Amino acid sequence: MSHNYLDKTILIIDDNPTNLEVLCGALDGHGYDILVEMDGYSGIEQAKNNKPDLILLDVMMPEIDGFETCQLLKEDPTMKEIPVIFMTALSETENKVKGLQMGAVDYITKPFQQEEVLARIDLHVRLCKVTQELAEQKNKLEDMVQERTVDLTQALKELKSAHLTLVQSEKMSSLGQLVAGVAHEINNPVNFIHGNLKHLTEYTDNIWQVLNFCQENYADNDPRMGELMEELDMEFIQEDFPKLMSSMKLGVNRIKQIVVSLRNFSRLDEAEMKAVNVHEGIDSSLLILHHRLKANAEKPEIKIIQDYGELPNVECYAGPLNQVFMNLVSNAIDAVEEKGEAGQIIIKTHTLDNNRIEISVKDNGIGIKPTDLDKVFDPFFTTKPIGKGTGLGLSISHQIITECHGGTLIGFSQPGYGTEFVIKLPVHQEKTMTVVPQSSSQYQQLLYA
């Protein structure tokens, strides 16, 4: 991630030398002047003397903690406008609310993740810069308003885009963590069952041998054995038991396949770009949405047609790309459900040439009006009823495909007949491609990998 804010000063207030070393290392080479203090009082004095552009403030410190330090900073008219970002391992909501109420603009959670730190600092330095420009423009002549409006609109668009990316990446990170957590919790007992089914089969085979031996050799000596065998219907049980064991094995294997699909969707261990099987990502997304495809009393079944071609592994950010598949299929389901008829979604893939593949998601839902189709990739624009759509899914998907992967995402639609979204992706990425913003949890996975 590049930064263009030369001569911007960051003041770090933290009593932990290790934290200071990590932060200074992360910010080194990104165009910032770094000031360091190890307690609240020294930090306040440093801020008075040098007026930093942003303050990174630790919460847990001796003498006065970060909350009290922030309060003193905000009470001073000369320093109250300096943005403060808290650094803390405290994740409780009440601690975050307390800090924000005291005037902090954001939180960075320990352990520090370099890309997250840079992304948040970049966002708030940019916001501070825009705010300063707005204040300066108030004193200029009215004939400059129109010219400055263009610049401010662009700045606002950039801010919305940055904020949108951070919010959505955190949202998908939470979903990914949930999916990965569920998969992990399911996997342990399933492996236990799977491992013991083999032993159970062996033990029951041995028991049947003993029972058969007893029946053959001692049934005549004790008529009660024959009566008991007949009462319990042991002949049926002996015939049905292998079928029961086979069904249990099939069920366990199915659960194991579901766990693998859930892990493929979350991709928490793949924060870097790497070559992956695109079909696995699509299948994982379909598994997550499978409950929405079934028929019930309120809606008919939605049929999925998977027309997969031969695809090479594609260099990509697997997690964000799975997010795109999830958004497109979910929107297709919404469109079919709104039409209220039995519908279908066709997912087709094929290779275009030596370095490009194409993926299309086509539904036979309500379709999109031509005037709306031109705006579907705009942030916060939605064709769904109020409360059912945020207008973020397609915007984020377009950004992931175009900016992070150098591909294209185009929509085609005919109102009343359906919509098709077509993705074209390069198989091999150029080294200069934009790095996709990662969430804090994904950074942590990368750090401890």
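Helices here are DSSP runs of H or I with at least four residues, strands are runs of E with at least two, and both are numbered from the N terminus. In this predicted model, the protein chain holds 13 helices and 12 strands. Of its 449 residues, 41% count as buried, and among the contacts in the chain with a separation of 6 or more, 70% are accounted for by residues 24 or more positions apart.

**Thr 204**

Thr 204 belongs to helix α6, which covers residues 145–218. Is Thr 204 buried or exposed? Its relative accessibility is 12%, and because buried means under 20% relative accessible area, Thr 204 counts as buried. The side chain of Thr 204 reaches the backbone oxygen of Thr 201 at a distance of 2.9 Å.

**Two helix pairs**

Helix α2 (residues 40–50) and helix α3 (residues 66–75) pack at an angle of about 25 degrees, and their axes are 10 Å apart. Angles under 35 degrees count as roughly parallel, so α2 is described as roughly parallel to α3. The crossing of α2 past α3 is right-handed. On the α2 side the contact is made by Gly 40, Ile 44 and Ala 47, and on the α3 side by Thr 69, Leu 72 and Leu 73. These contact residues divide into 4 nonpolar and 2 polar, with no charged residue.

Helix α1 (residues 17–27) packs with α5 at an angle of about 65 degrees, with the axes of the two helices 10 Å apart. Angles of 65 to 115 degrees count as roughly perpendicular, and therefore α1 is roughly perpendicular to α5. The crossing of α1 and α5 is right-handed. Leu 23, Ala 26 and Leu 27 in α1 meet Gln 114, Val 117, Leu 118 and Ile 121 in α5, and the residues of this contact divide into 6 nonpolar and 1 polar, with no charged residue.

**Backbone features in loops**

Which peptide bond is cis? The bond from Lys 110 to Pro 111 is cis, with omega near 0 degrees, and Pro 111 lies in the loop between β5 (106–109) and α5 (114–137).

Positive phi values in residues other than glycine are found at Lys 51 and at Glu 63, which are set out below.

| Residue | Phi | Relative accessible area |
|---|---|---|
| Lys 51 | near 45 degrees | 38% |
| Glu 63 | near 65 degrees | 67% |

Lys 51 is placed in the loop between α2 and β3 (54–58), whereas the place of Glu 63 is in the loop between β3 and α3. Exposed means over 50% relative accessible area, and values between that and the buried cut-off of 20% count as partly exposed. Lys 51, at 38%, is therefore partly exposed, while Glu 63, at 67%, is exposed.

Conventions. Residues are numbered from 1 along each chain as its sequence is written. This is a predicted model: local features need pLDDT of at least 70, side-chain atom pairs count only at pLDDT 80 or more; totals for chains, interfaces and linings use all residues. Side-chain values use heavy atoms; hydrogens and water are left out. Buried means under 20% relative accessible area, exposed over 50%, partly exposed in between (1.4 Å probe, protein chains only). A polar contact is a pair of N or O atoms within 3.5 Å; within protein, one must be able to donate a hydrogen and the other to accept it, and residues adjacent in sequence count only if both atoms are side-chain atoms. Axes are lines fitted to C-alpha atoms, for helices over the stretch in contact, and angles run from 0 to 180 degrees between N-to-C directions. Angles under 35 degrees count as roughly parallel, over 145 as roughly antiparallel, 65 to 115 as roughly perpendicular and the rest as oblique. A crossing is left-handed if the near helix is turned anticlockwise from the far one by less than a right angle, and right-handed if clockwise. Contact means heavy atoms within 4.5 Å. Ala, Val, Leu, Ile, Met, Phe, Trp, Tyr, Cys and Pro count as nonpolar, Asp, Glu, Lys and Arg as charged, and the others, Gly among them, as polar.
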